[in-house]
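Here are some notes to read alongside the model, written for someone meeting it for the first time. Keep the 3D view open and go point by point.

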Amino acid sequence: MFISTRDKNRRVNFTQAVFEGLAPDGGLYHFEKMPDFSKIIDGFSSSQSFAEIASVMTENLFPDLFSSEKAAEISKKAFPFSPELTWMEDDVACLELYHGPSCAFKDFGASFLATVMEEFLAEKEQRAVILTATSGDTGSAVAQAFYNKKNIDVVILYPSNRVSPLQEKQLTTLGCNIHALEIKGSFDDCQRMVKEAFIDRQLKKKYCLTSANSINLGRLIPQTFYYIWAWIQLKKKAEKIVFCVPSGNFGNLTAGLYADFWGMRTDFFIAATNINDVVPEYLISGKFTPRNSSKTCSNAMDVGNPSNFERMLSLFDSSHEKMKQKIHQEVVTDAETLKVIQDFYKLTGRFIDPHTAVGYKAIKNYKSENPDYKGTIINISTAHPGKFPEIVNKAAGRNVELPVQLKKLLDLEKKSTVIDNNLADLAGFLKKTFPEL
Ligand SMILES: *Cc1c(COP(=O)(O)O)cnc(C)c1O
């Protein structure tokens with residue numbers, strides 16, 4: 001069972017947690033009691049595929065919900081793509097999580113969530129409309145994941161003229177059950193409209209409005225699978241394993257901590273941030289001071305009030321001391337980020353994206369502060385460098401190639417509906433688009 005971070009008497013099962021997203025008390029759902037999977041994790045072999053690992057974990061996490069056949073079917077459907085492990089230095093590996101449809105790690109969580117939601121809705125013979133606001137990057141993982149899913153429509157709100165041309169293509173070219181709404185306004189307007197729609201009980205009920213936010217437990221849990229997969233690949237070679245996680249909302253790092261609490265033995269984690277360093281500051285001082293975010297070149301990590309911090313606190317019984325023992329922190333500036341992209345390109349001829357570069361610089365810092373440390377550090381590579389060509393090209397001095405998934409989109413036609421930034425227009429769109437509901 002799962003409980004809210006703000007009220008442990010609010011117990012729900014996984015299905016409820018998935019459809020509610022945020023708990024009604026404003027808290028986040030997390031494990032009531034951490035399961036022990038150490039035997040299962042130790043029993044995996046490096047020849048098993050990612051989908052196989054995901055299947056065994058799914059079956060053991062949700063024995064009341066999924067038989068082993070069902071878990072295998074879900075994992076196969078959700079993960080036609082897989083992580084890949086490469087090397088950056090002798091003792092620094094790179095866990096590439098960008099081989100999915102939107103070329104970023106969010107594909108893992110979004111695809112699993114979409115697959116289980118489709119499954120649950122089919123059982124209940126229900127429909128749902130996912131309503132989501134995006135400033136450009138996160139919406140594409142959701143759009144790709146839910147494309148063609150039965151009994152689910154997705155309505156994506158994005159600010160008109162404020163996302164990059166490539167991002168807009170990712171949101172507007174799928175069609176079918178993915179509806180792109182161009183809002184005359186800012187990203188904040190989009191977010192406000194989504195919030196207002198959820199508060200409007202009539203609307204929420206009529207269209208079975210549901211969210212697919214990154215705080216959803218159905219997105220968080222599958223992110224544990226790639227940590228476990230990577231750990232299995234390296235456990236024979238490496239005595240100690242460290243994960244370095246470029247972080248914004250800290251969902252990715254929280255997933256790594258989950259896997260560790262379940263019995264995947266890691267030495268520690270490195271939390272790498274850009275100058276939006278609320279969590280590193282807490283790790284140093286014990287004080288958590290949320291504030292407005294600052295714009296950086298690793299903008300998927302521009303978060304001033306990381307929502308998953310509540311889950312991290314719960315894991316460590318709100319003890320600063322305990323959290324500090326498991327998580328080391330590093331803060332990286334934009335200038336350092338660009339420099340490390342440039343240096344790595346010069347040395348190896350390979351491109352890394354700005355988020356991955358923050359992680360890599362953090363590792364370099366850690367190693368120079370701790371020259372005697374003997375362990376293998378795995379840098380979590382969160383996005384394909386071709387997703388951020390403007391920054392990467394400038395830093396490296398050479399043009400990065402677009403990944404095939406994105407290249408394909410360039411010739412497709414944009415389809416979107418433009419509306420004003422108010423709830424009445426959103427309600428009007430829903431009525432016209434879903435007249436049968
Ligand atoms: C979302 C995102 C991050 C930050 O992940 P969190 O789970 O929010 O900490 C890092 N890099 C990229 C490319 C992202 O899209």
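1. A word on terms before the counting: helices (H or I, at least four residues) and strands (E, at least two) are DSSP runs, numbered from the N terminus. On that basis, the protein chain comes out with 20 helices and 14 strands. Bear in mind that this is a predicted model.

2. Now for the overall build. The radius of gyration of the protein chain is 21 Å, close to the 22 Å that the globule rule gives for 437 residues, so the chain is as compact as a globular protein of that length. Its C-alpha trace spans about 65 × 50 × 45 Å along the principal axes.

3. How much of the chain is buried? Buried residues make up 57% of the 437 residues. As for contacts with a separation of 6 or more, 74% of them come from residues 24 or more positions apart.

4. Let's look at one pair of helices, α16 (residues 334-348) and α18 (residues 389-396). They pack at an angle of about 60 degrees, and their axes are 8 Å apart. Angles of 65 to 115 degrees count as roughly perpendicular and those under 35 as roughly parallel, so α16 and α18 are oblique to each other. The crossing of α16 past α18 is right-handed. On the α16 side, the contact is made by L338, I341, Q342 and Y345, while α18 brings I391, V392, A395 and A396. By type, the residues of this contact are seven nonpolar, one polar and no charged.

5. While you're at α18, find E390, which lies in that helix. Is E390 buried or exposed? It is exposed, because its relative accessible area is 57% and the cut-off for exposed is over 50%.

6. From α11, the contact takes in Q223, T224, Y226, Y227 and I228; from α12 come G251, N252, L253, A255, G256, Y258, A259 and W262. The residues of the α11 and α12 contact divide into eight nonpolar, five polar and no charged.

7. Next, a strand residue: T376 sits in strand β13 (residues 376-381). Its relative accessible area is 12%, and the limit for buried is under 20%, so T376 counts as buried. Which residues does T376 touch? Leaving out residues up to four places away in sequence, they are W87, D91, L234, A238, K240, I241 and V242.

8. Most residues other than glycine have a negative phi. N151 has a phi near 65 degrees, a positive value in a residue other than glycine, and N161 has a positive phi of about 65 degrees although it is not a glycine. Where are they? N151 is in the loop between α6 (138-146) and β7 (152-159), and N161 is in the loop between β7 and α7 (165-172). N151 is partly exposed, with a relative accessible area of 34%, whereas N161 counts as exposed at 76% relative accessibility.

How values were computed: Residues numbered from 1 in each chain as written. Predicted model: local features only at pLDDT ≥ 70, side-chain atom pairs only at ≥ 80, totals over all residues. Heavy atoms only, no water. Axes fitted to C-alpha atoms, helices over the stretch in contact; angles between N-to-C directions. Parallel < 35°, antiparallel > 145°, perpendicular 65-115°, else oblique. Left-handed = near helix turned anticlockwise from the far one by under 90°. Contact = heavy atoms within 4.5 Å. Nonpolar A, V, L, I, M, F, W, Y, C, P; charged D, E, K, R; others polar. Rg over C-alpha atoms; globule rule 2.2 N^0.38 Å. Buried < 20%, exposed > 50% of the residue type's maximum accessible area, 1.4 Å probe, protein only.
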